[in-house]
Amino acid sequence: MTPGPPRRARRGRLAALFAPSLNRRYVLTAYAFLIPAFAFFALMFYLPIANIISNSLYTGPQADQFAGLENYTRAFGDEGVQNSFVITVIFGAGTTIGAIVIGLALALLLNQRLRGRVMFRAALLVPYLTSVAIVGLLWRNILDPQLGILNRVLIDLGLPTQSWLNTHPLATIIAVTLWMTVGYTMVLFLAGLQGIPMEYHEAATVDGAGPWQRFWRITLPLLTPTTLFVSVMAVISGLQAFGQAYIITGGGPANETDLYIFHVFNVAFTSRDFGYASALSFLLFIVIVIFTVIQLRVGRRNEVQY
């Protein structure tokens with residue numbers, strides 16, 4: 001009699017025979033664990049978007065009169081929408097550039113061996129952890145022309161007082177937004193800085209590179225993924241800003257701080273035109289997607305790896 005195949009070989013053949021069923025079991029198990037995530041996105045993201053698209057095709061106080069694409073064509077000719085969109089783009093650009101520049105500067109400073117740097121990091125992060133409503137009420141009181149503490153300080157210094165929310169309202173809410181958000185961008189840049197291997201800086205120092213050369217040639221290029229993430233999130237947040245205009249300025253004076261979402265809010269709950277408000281909301285969603293895709297493509301194209 002010829003000897004049969006070794007026991008290990010038989011086991012390997014059996015495993016290969018049942019491998020498809022095992023792989024199918026693993027796949028089904030993985031999808032079972034993903035079902036809650038799929039359900040969450042369906043209920044909290046895709047379903048609301050579908051509802052907004054459906055409502056945007058109707059008009060009237062109850063959004064019950066079919067209008068087709070009339071709300072969209074109306075939006076492109078609405079001067080109020082155009083004004084609020086321009087203001088929002090300026091606001092988003094100011095908060096994005098400020099968040100990147102100030103956040104990176106603070107991260108570079110607090111990445112050094114400074115006494116109390118942990119305390120300063122925590123202090124800068126606290127405003128980001130505070131709700132927009134509380135921040136808005138706080139700064140509305142600080143900037144009050146009669147009772148605000150900021151004008152009281154100017155009086156004590158012998159300087160003229162300012163009507164902050166009337167003379168430079170958009171710049172004021174940009175500054176307040178940066179005060180609230182730079183702590184978060186600082187933490188992100190800190191994480192990016194600490195992920196850069198020190199060997200690169202040491203090698204550049206040996207080659208005679210100064211601090212500025214190391215920053216421009218090593219630090220900044222290797223921070224491209226962090227900068228991309230910060231810019232994408234800042235643009236999305238800036239285009240969706242609402243609380244600053246609603247609480248601090250009320251959209252004024254003369255609609256100078258009429259941010260886009262605040263304008264949509266007024267269309268929906270003041271003018272009671274929910275169909276038109278839904279169309280405006282969906283148009284903003286498209287703009288955000290376009291901005292995000294452009295940023296991701298440009299950022300990934302310029303990504304540097306050593």
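This is a predicted model: local features need pLDDT of at least 70, side-chain atom pairs count only at pLDDT 80 or more; totals for chains, interfaces and linings use all residues.
User: What makes the largest pocket a pocket, and what is its volume?

Analyst: On a 1 Å grid over the protein atoms alone, a pocket is an open set of points where a 1.4 Å probe fits, with protein on both sides within 12 Å along at least five of seven lines. The largest pocket has a volume of about 560 Å³, a volume being the space filled by probe spheres set on the points, which are joined across faces, edges and corners.

User: Which residues are the closest to the centre of the largest pocket?

Analyst: Of the 17 lining residues, these are Asn111, Gln112, Met198, His201 and Thr219, where lining means having an atom within 4 Å of a point. H10 gives the most to this lining, with five residues.

User: How do the residues lining the second largest pocket divide into nonpolar, polar and charged?

Analyst: They divide into 13 nonpolar, 10 polar and no charged; Asp, Glu, Lys and Arg count as charged, Ala, Val, Leu, Ile, Met, Phe, Trp, Tyr, Cys and Pro as nonpolar, and the others, Gly among them, as polar.

User: Which residue caps the N-terminal end of H3?

Analyst: Aspartate 78 does, with a side-chain oxygen 2.9 Å from the backbone nitrogen of glycine 80.

Residues are numbered from 1 along each chain as its sequence is written. Local features need pLDDT of at least 70, side-chain atom pairs count only at pLDDT 80 or more, and totals for chains, interfaces and linings use all residues, while side-chain values use heavy atoms, with hydrogens and water left out.

Terms used. Helices (H or I, at least four residues) and strands (E, at least two) are DSSP runs, numbered from the N terminus. A polar contact is a pair of N or O atoms within 3.5 Å; within protein, one must be able to donate a hydrogen and the other to accept it, and residues adjacent in sequence count only if both atoms are side-chain atoms.
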